[in-house]
Amino acid sequence: MADIRLEGVGHSYDGGRTWALRPTTWTWRGARAYALLGPSGCGKTTLLNIISGLLTPTVGRIWFDDREVTGVPTAGRDIAQVFQFPVLYEEMSVYGNLAFPLRNRKVPAEEVHRRVLRVSAMLGLDDVLRRRARRLDPGRKQIVSLGRGLVREQVAAVLLDEPLTVVDPALKWTLRSKLKEIHRDTGHTLVYVTHDQTEALTFADEVVVLNDGRIVQAGEPAELFLSPAHEFVGHFIGSPGMNVLPAEIGGDGVVRIGPSAVGAAGAAGAMGGGLPPGPVRIGVRPEFVQVGGPVRNPGAAGRVTGVDRMGSHDLVRAEIGGHPLIARTEAGSPWTPGAVVFLHFPADRTFLFRDEVRCGSLAPLDGRGQA
């Protein structure tokens with residue numbers, strides 16, 4: 001395992017006119033499981049291929065611990081990589097495919113056998129070990145590819161590029177659990193690329209969120225959900241994502257949506273204090289929007305536009321000043337389309353954004369802005 005350090009690493013496919021990966025400085029710490037999360041086209045695979053050596057970055061340097069590997073080819077980096085679709089020797093048996101990376105490195109036969117059986121048992125492949133790879137369905141082939149990436153014990157890192165795309169959905173939960181188990185046993189550095197927030201949040205020790213070629217936030221899953229540092233993180237993580245509403249900070253420090261005072265403006269950071277007046281955007285997750293009855297301060301009146309009955313809970317859809325909002329409530333909520341409701345935003349779960357970056361949070365009014 002190794003610390004993988006990027007120093008100003010960026011990549012452009014068109015001579016620098018646009019960046020698939022903007023120059024980035026980042027360290028992947030050894031023995032941790034990371035998820036690299038973001039939408040299609042945001043630069044995830046580009047970043048992974050730079051780490052593995054399949055791409056040479058346009059700018060910057062790459063280090064594995066104290067060894068610079070920027071110009072080192074893939075074969076010299078001691079990386080195991082699993083791609084989105086199966087890459088196997090079709091005429092070999094499953095056993096042969098799992099054993100191949102070890103045999104190619106002259107690992108003793110007894111050790112090869114031990115490791116193959118261990119990974120096979122973990123991934124549920126024991127019943128197909130002697131079957132030729134071409135006779136497997138696509139999902140099982142991908143599980144074998146996954147096994148090939150995990151069978152080696154001494155690697156700098158294991159890189160996984162959306163490895164469960166072709167796997168049956170019913171197996172995905174099991175395989176994610178198996179990956180966590182294997183990571184605990186081996187201590188490999190794992191970097192798992194996905195656009196699926198569920199995969200990222202359930203698998204990783206730390207989730208790195210990428211958007212438009214740039215890392216916008218990294219942290220433990222709970223931190224990203226409860227304390228998004230960027231509007232994109234709030235939108236992308238959560239189902240449904242974070243509500244974002246335009247608001248204004250007045251000269252008195254009160255945050256208002258239209259004429260309605262919803263709280264005071266508190267600046268981010270340990271020093272606290274207020275924020276300068278001007279436009280902001282309020283971000284609050286549906287789970288924390290409180291739907292009440294009579295209008296009162298602090299809060300805003302909204303009109304219900306629909307209710308989605310989800311079984312375990314309801315999603316109440318509303319509008320405030322023409323801007324949509326969703327509140328998650330208990331199942332069987334009494335609200336109906338057209339009803340006027342009071343919406344309250346808890347100060348400890350409501351954030352303020354400027355230029356898409358969190359600049360503060362809502363604070364109690366302490367008597368200001370009261371009707």
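I count a polar contact as a pair of N or O atoms within 3.5 Å; within protein, one must be able to donate a hydrogen and the other to accept it, and residues adjacent in sequence count only if both atoms are side-chain atoms. This is a predicted model, so I note that local features need pLDDT of at least 70 and side-chain atom pairs pLDDT 80 or more, while totals for chains, interfaces and linings use all residues. Numbering runs from 1 along each chain as its sequence is written, and side-chain values use heavy atoms, with hydrogens and water left out.

**Entry: Thr-189.** I found Thr-189 in the loop between helix H5 (169-186) and strand S8 (190-194); helices (H or I, at least four residues) and strands (E, at least two) are DSSP runs, numbered from the N terminus. Its side chain reaches the backbone nitrogen of Ala-31 at 2.9 Å and the backbone oxygen of Ala-2 at 3.4 Å. Is Thr-189 buried or exposed? Thr-189 counts as buried because its relative accessibility is 0% (buried is under 20% relative accessible area, exposed over 50%, partly exposed in between, with a 1.4 Å probe and protein chains only).

**Entry: the sheet.** I looked up an open sheet of five strands, in the order S15-S19-S16-S17-S18 with antiparallel pairing (two strands pair if DSSP finds at least two bridges between them). Strand S15 (290-292) and strand S18 (323-330) are at the edges with a single partner strand each, so one side of each has no neighbour in the sheet. Three bridges join S15 to strand S19 (residues 340-344), and Val-291 has Leu-343 as its bridge partner in S19.
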